[in-house]
Amino acid sequence: MWTSNHWFVKCNNYSRNSLSNIGYINMTRPKVLVTHSSIPEVALKLLRDECNVDIWDQDIPIPKTELLLRIKGVDALFCVITNKIDDEVLNAAGSNLKIIATMSVGVDHLDLQAIKLRNILVGHTPGVLTDAVAELTMGLLLVTARRLIEANRSIYKGEWKSWSPLWMTGSRISGSNVGIVGLGRIGLRIAEYLCSFGVNQILYTSRTEKPAATKLGAHKVNLDFLLNNSDFVIVTIALVPESREMFNKETFVKMKKSAIFINVSRGEVVHQPSLIEALKNGTIQAAGLDVMTPEPVPLDSELLKLNNCVIFPHLGSAAIKTREEMSIITAKNILAVLHSQPDEMPAILKI
Ligand SMILES: O=CC(=O)O
């Protein structure tokens with residue numbers, strides 16, 4: 001259904017025969033820039049059916065110079081978390097740009113104020129990645145608590161001499177207190193999964209009380225209480241100015257010495273030198289990180305030298321089906337706006 005759309009004119013009876021394979025006369029098809037080379041084909045097809053699609057074709061993040069060049073005059077941008085969309089990029093785009101659709105739930109790579117000033121809409125992909133990220137978090141929690149990566153490596157180092165009562169013993173999740181910092185969709189799903197592990201208590205921080213969490217028996221508390229009382233601290237909070245480096249020397253000191261810190265949000269919510277220090281000097285027991293600063297982690301990073309730190313390469317939503325769904329939503333966000341039907345966007349971000 002096309003309304004107030006000046007890009008496409010539906011074929012009339014006279015022209016339909018000769019253009020039956022096209023369906024619409026292509027006046028000037030909208031231009032879409034896709035900033036990554038490995039976007040699922042199903043999403044690209046949705047876009048290609050109606051738009052001229054320019055795809056960055058190398059498997060590295062598009063360099064800024066290239067982005068500035070290619071974004072000129074586009075109607076829509078399909079981007080990913082490695083693209084910083086700032087004033088300079090928006091200026092280069094010009095006034096045709098109507099929608100920035102990011103294939104992510106996080107939007108911290110977008111300068112939302114600059115985007116808002118230009119009346120550009122933002123689409124993202126909440127919801128579809130909740131399960132995948134929550135599953136990954138449980139994996140990270142388990143491997144960190146039970147020292148599974150360290151144990152696996154020890155075999156190759158010839159350290160497995162015999163079964164031994166205390167060798168490679170870790171922390172148990174059942175019976176523990178788990179704190180979830182920033183309980184949104186993902187945090188809530190993690191809380192659901194944790195219930196089946198028989199945890200003693202789930203604590204969470206959030207702006208508002210979450211009835212769904214209350215139903216699970218979880219308690220909304222302040223951050224200090226959560227830090228003081230949690231055996232596991234799981235961070236799912238969005239990166240916003242208020243959460244930047246909220247985990248620092250002072251916060252790590254408030255945690256139990258036996259605490260395990262899990263971050264699946266963004267590296268920037270942590271003051272990383274303080275985390276490294278806390279892991280080295282035993283302020284906390286261990287950390288499991290799916291995110292860090294910078295990404296990818298440099299091979300000479302202190303994080304990689306710590307036995308009590310497990311690192312994953314930002315895999316939260318990396319399930320095939322999830323990434324496919326994320327790409328489709330991103331394409332549909334774009335098409336809804338190009339159809340002048342922003343209300344039909346699967347996931348518009350209110351800014
Ligand atoms: O980190 C990934 C995302 O925000 O989707």
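Start at the ligand: one of its oxygen atoms lies 2.8 Å from a backbone N or O atom of Gly-106. That is a polar contact, a pair of N or O atoms within 3.5 Å. This is a predicted model, where local features need pLDDT of at least 70, side-chain atom pairs count only at pLDDT 80 or more, and totals for chains, interfaces and linings use all residues. Residues are numbered from 1 along each chain as its sequence is written, and side-chain values use heavy atoms, leaving out hydrogens and water.

Val-105 also takes part, with a backbone N or O atom 2.8 Å from an oxygen atom of the ligand. His-314 uses its side chain instead: a polar atom there lies 2.7 Å from a ligand oxygen. The protein buries 88% of the 190 Å² that the ligand exposes when taken alone (Shrake-Rupley method, 1.4 Å probe). The residues around the ligand are Ser-104, Val-105, Gly-106, Leu-129, Arg-266 and His-314; each has a heavy atom within 4 Å of the ligand.

Now turn to residues 138-316. An unreviewed UniProt entry places the feature "domain: D-isomer specific 2-hydroxyacid dehydrogenase NAD-binding" there; such annotations may be inferred rather than shown by experiment. This stretch is 31% helix and 15% strand (DSSP runs of at least four residues for helices, at least two for strands). Its end C-alpha atoms are 11 Å apart.

Helix H7 covers residues 148-156 and includes Tyr-156. Is Tyr-156 buried or exposed? Tyr-156 counts as exposed because its relative accessibility is 68%, and exposed means over 50%. Together with Ile-155, Trp-160 and Trp-167, Tyr-156 forms a nonpolar surface patch of about 510 Å² accessible area. Patch residues have over 30% relative accessible area and no salt bridge, with nonpolar side chains joined within 5 Å. A salt bridge puts a Lys or Arg side-chain nitrogen within 4 Å of an Asp or Glu carboxyl oxygen.

Terms used:
Patch = residues over 30% accessible without salt bridge, like charges linked within 9 Å, V, L, I, M, F, W, Y side chains within 5 Å. Buried < 20%, exposed > 50% of the residue type's maximum accessible area, 1.4 Å probe, protein only. Polar contact = N/O pair within 3.5 Å; in protein donor to acceptor, adjacent residues only side chain to side chain.
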